[in-house]
Structure formats: structure tokens, C-alpha cells
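Notebook open, model loaded. I'm jotting down what I look up as I go.

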Amino acid sequence: MKVGSIEILPVVDGTGRELATGMLNRPGVPDAWACHAEQLDADGVLVFPLGGFLVRSGDRTVLVDAGAGAIANDRYTGGRFLDGLRGYGVAPEDVTDVVFTHLHFDHVGWATRGGRIVFPRATYRVHEADWAHFVTAPDALPGAVRKLAPLAPQLELFGSDGPIAPGIDARHAPGHTPGSTVYVVSDRGERALLLGDVVHSVVELGERDWEAWFDVDPAAASRVRNEIADEVADTPDLVVGAHFPELAFGRVITAGGDRMFRAV
Ligand SMILES: [Zn+2]
């Protein structure tokens, strides 16, 4: 995908599986997924990619999120991320920036391995509210602290919106997590929004009142999700979530009063 002169490439790490009704639903409407059965397998499971995006902008080689890591359990499998990068001709030492949409395990898997930084020359960037929530809070999960604390020497936290690389802007979109961030890639009048888990499933770009079980603050998450979807609706802006099918971009369109996602 090209946005002006900036290239955005999906980097697949593996696959996640979640019972759809346990992950996303419309409160008080148990069979809300019935209208979106095409998104699910025969057992009502949402199968979705894990990974991140490679953004090449000028002399910067930026990763937006870093997959789930070398895990394999009955719901999540990862392990292909570095091979995916290599397929694009990118070695770990070529990466100049790793920017996180948020710090859930399936976005930071290749940040470090065994306490060692995976991308040795990169500056790692994340919103300060997520670092506080996942790493420095007294009740932070030990697994997250073990994975993320070794980043400290190469870490730059940000607390306000703005550019983090040429043509890439951070935009705070709290709700899913306190520091959830959308990255807006723009060049020559074109824009693409990397939504992270502000939107888990394409279904949420249409449905205004669904809630995700994983959202730390469901009301805030819903508000920011609808704000962004309304902002880009019926514009040329491209959007992609961190777990959209095939990590493929699309646009938000409206038809007959309904809002929906259409892949490009
Ligand atoms: Zn995720």
C-alpha cells in the first residue's frame, strides 16, 4: 500500500482465535453476531491475524507494533514476524523506530526476547499512559514488565499528539487501553490511519454500540471509535485495524444511513 511516497506493508506473525461473543458484542443483544456470520467460522470463532506494519518513509524504517512473539497455545500462535520482515529485505538492525499502538501482549511480542532488545538500533516509542499502565503501575502484570522493561535504554515516551517520523503522526485514542494510539500516515494529500485495537473487527466500523471485552474503558473506546469512523466516512482516507482480515486496508462508507467497511 502506498500513501503518497510512503510505503506501508503488512507483517504477519501468526493467528489468533477468540470466541466472537466473548470478544465483541452488543450489550443486551446475545445474537448480535447473527448479522455478521460471514466474519466467523462454523463454531462462532473469530480468526484474525497477528502482526504489525512496516512503514518506509524517507530514511526511516518504522514498525507499527511487533506481533505476538514465539508463542503457541490453543488460541494464539506467532513466530513468523522476523521472517516476514526479511521477506521485505529488512533485517532487525535496519529498523529505526518501533512504535506501539498499545502494549497488549499480541503487539509487543518481538519487542524483546529473553530480556534482549530485538531491534538493536531502533528507538521504541509508546504513549506514556500505556507505559504507566502496563509497566510502572504497582499492579502491572509481571509478564508484561519482563517483556517491556528491557526497552528502557531505547525508549521514548510521548504524551501529546504529533509527528513521530516524517509523514507519521501519533494521535491519542484512549479507551481500549489508557495510551492507545492511532498512527496517521500522510503524504501528498493522501492519508491512512493505522487503528491498532481501537477497532478489533471491521464489524465495529458499522455497528455504533458494540463493546469489546478487552477494552479498559468501553465507553471511551466506543466514543473514540465512532469519532474516527465518522471522520473518515465517505472520504478517500484508508483505515486498517491491527487484526483486520489479511491486514488489508479499506475505506469507511455510508449507504442508506448505515456505516460500513469496504476493503480496497
Ligand atoms: Zn490486539
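This is a predicted model: local features need pLDDT of at least 70, side-chain atom pairs count only at pLDDT 80 or more; totals for chains, interfaces and linings use all residues.

**Cores, metal, cavity**

I started with the largest nonpolar core: of its 39 residues, Ile-8, Tyr-183 and Leu-194 touch the most other members. A core here is a set of buried Ala, Val, Leu, Ile, Met, Phe, Trp, Tyr and Cys residues joined through side-chain atoms within 4.5 Å; buried is under 20% relative accessible area, exposed over 50%, partly exposed in between (1.4 Å probe, protein chains only). Apart from that core lies another, of 27 residues, among them Phe-100 and Trp-110.

Residues are numbered from 1 along each chain as its sequence is written, and side-chain values use heavy atoms, without hydrogens or water.

Next I checked the zinc ion. Asp-106 (OD), His-107 (NE2), Asp-197 (OD) and His-243 (NE2) coordinate the zinc ion at 2.1 to 2.3 Å. Donors are N, O and S atoms within 2.8 Å of the metal (3.2 Å for Na, K and Ca); water is not among the atoms, so sites may look incomplete. Along the chain the donors follow the spacing D-H-x89-D-x45-H. I looked up burial too: Asp-106 is buried at 7% relative accessible area, and His-107 is buried at 0%.

Last, I went through the lining of the largest cavity. I found Phe-53, Asp-65 and Leu-194 among the lining residues, which have an atom within 4 Å of a point on a 1 Å grid over the protein atoms alone, the cavity being a set of points where a 1.4 Å probe fits but cannot get out.

Key. On a 1 Å grid over the protein atoms alone, a cavity is a set of points where a 1.4 Å probe fits but cannot get out, and a pocket is an open set with protein on both sides within 12 Å along at least five of seven lines; lining residues have an atom within 4 Å of a point.
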